[in-house]
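Please read the points below alongside the sequence and the model.

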Amino acid sequence: MRRSIRGAGAVASAMALVLVAVGGWYGYQQWAGSDCSGELKLTVAAAPEIAPAIQKTADAMSADQTEVDGLCVAVEVTASESVDVAAAVAGQHGVSLSGVGQPSGSAVLPNVWLPDSSTWLLRLRQQAPAFAPQNNASVARSPVVVAMPEPLATTVGWPEKKLGWKDLLGRITTGTQLKTGLVEPSRDAAGLAGLVSLATAAQTSGAQAQQKTTAALRALATGVSAVREELIARFPRATDPTSLARGLGAAALSEVDVIEFNAKKPPVPLAALYLEPAPLSLDYPYAVMPGIEPARAAAAEKLFAALDSGAFRGRLAGQGLRAPDGTWADGFAPPRGAPSPAGTQPPPTTAAPNPGGTAGGGDGATIERVLSSWAVATQSGRMLAIIDISGSMSRKVPTANNATRMQVTLEAARRGLALFDDSWALGLWVFSTELSGSRDYRSLVPIGPMSAQREELEAKLATITPKKLGDTGLFDTILAGYKAVQDDWQPGRVNSVVMLTDGKNEDANGISQAALLAELKRISDPDRPVQVIIIGISAEVSKAELDSIPKVTGGAAFVTEDPAKIGDIFLQAIAARREAPPR
């Protein structure tokens, strides 16, 4: 018996030696890094609120020595504002996003980008169809809510009452008691989601749709902030009636913004109102950037797989974020009354835009329209509008219930006019051929303040009719309009000419294209820039002809073969004024 025990002890001792040896060898392997040799670097740019959870997952991958082709995957995570990366991507493709501006000199494109919203991918795809990131699946979610100080939220029935965007629209447009705010929607995905929801609610207001849309845009514009921190700082810091009345009363923010705000135990916590219908949520798409090497693409797939785990969902909860399905894991601190799941509506499609169209379709078209309307309603300027009245403007448009080209053009102009506030200066010309003797153009209203001549502009628009058998005196009119705006140029504004036409130049007795471009180049003045925006609305338009002019003056040319789309393209064109740099 003792012998057996001694034998067992010997076996145990031998096994212990083996285990120590194996453990030592494993430890050596870990220390020496012999599971994989060399390093494969994967760069990731992630929205700041999700970056810590991504970093912890990347650290776990490094600890596990994740490898591709025998190389250790080293993930470098950078917390990057989505707007900054979007500007860099746009710059790489030679385009710009409305309101985003130019990328900073230090912006570096990552291998993988996790913006806060798929709307960034959609907007880039609209402007640069060649931008085609892979995967794009959501890895987290944060619903967009209307944040209100809790004392004010109780007055609208929170948390028991279900509210809709129409309820908020009514409060915004029928009184001044509720002070609303918004982060610049062209630079902030939550601000954009809130703006789209409000604009959609306004568009369902029947005969008052245009009026309510304009009222909502202007009300929000009075409380717009450049950055999120600036907006949040405007919420009241005390519960007395004066502080509540003077402070910000409602703003579209992400749920995670509200969670972070309340975690600091402020004197006045924020309520999160989950309005119906649910707006586009922040969905944190996993965008593998086009053109990366196969090995890095494989490493990106391994990181993505690691993000599809319970461990990652737990890390999201600690950051105030939900899982992609809109539910939350342990450790999440939901705002009072928060539903689960939430924010699970499909993201906007990131498909390429339709050739010849104004935007991709579906949500893409809505986003483009809303952002263009916002730009027009919030940016003042000095503009000469010139409308084509050649005989071809009498042709009917089948896609617009057989309204004429003239009718759809004037309706677009009327809608645009309604968005211009009194800070604008606007003039109105018409053109064809030989309208005043040999002159191809005629002034209906000289450039002047909208505050003094809004009614006159509306009345003159109503009198415009096509000239039977009139041709298109494009070049002479462009030159005259450019000189008129330049002669009375005003600093501190975007000075521009906006022309709407359905044809190419047909004036054989006028200035040639080459002579026009040479003259515009000669008289252009960098200190007094005038942007030229040209909108072509038929298949007869020469895109090359129109494009040649803004290349000299600054501005842009927009062309659609379907005149029924002029409403959207007109808004895009006006919005583009602030983006096109003077030459």
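1. Strand β2 and strand β3 (residues 71-79) pair in the antiparallel sense over two bridges, where pairing requires that DSSP find at least two bridges between two strands, and strands (E, at least two residues) and helices (H or I, at least four) are DSSP runs numbered from the N terminus. Within this pairing, Val68 has Leu71 of β3 as its bridge partner.

2. This is a predicted model, in which local features need pLDDT of at least 70 and side-chain atom pairs count only at pLDDT 80 or more, whereas totals for chains, interfaces and linings use all residues. Residues are numbered from 1 along each chain as its sequence is written, and side-chain values use heavy atoms, with hydrogens and water left out.

3. The open sheet has six strands in the order β2-β3-β1-β4-β11-β5, with mixed pairing. Its edge strands, each pairing on one side only, are β2 (67-68) and β5 (134-138).

4. Helix α2 (residues 51-63) lies across β1 (39-46), β3 and β4 (112-114), and runs at about 165° to β3; axes are lines fitted to C-alpha atoms, for helices over the stretch in contact, with angles from 0 to 180 degrees between N-to-C directions, and contact means heavy atoms within 4.5 Å.

5. A disulfide (a pair of cysteine sulfur atoms within 2.5 Å) joins Cys36 to Cys72, with an S to S distance of 1.9 Å. Cys36 lies in the loop between α1 (2-32) and β1 and Cys72 in strand β3, so the pair ties together parts that are 36 residues apart in sequence. The torsion about the S-S bond of Cys36 and Cys72 is about 95°, so the disulfide is right-handed.

6. Cys36 and Cys72 are both buried, that is, under 20% relative accessible area, against over 50% for exposed and in between for partly exposed (1.4 Å probe, protein chains only).
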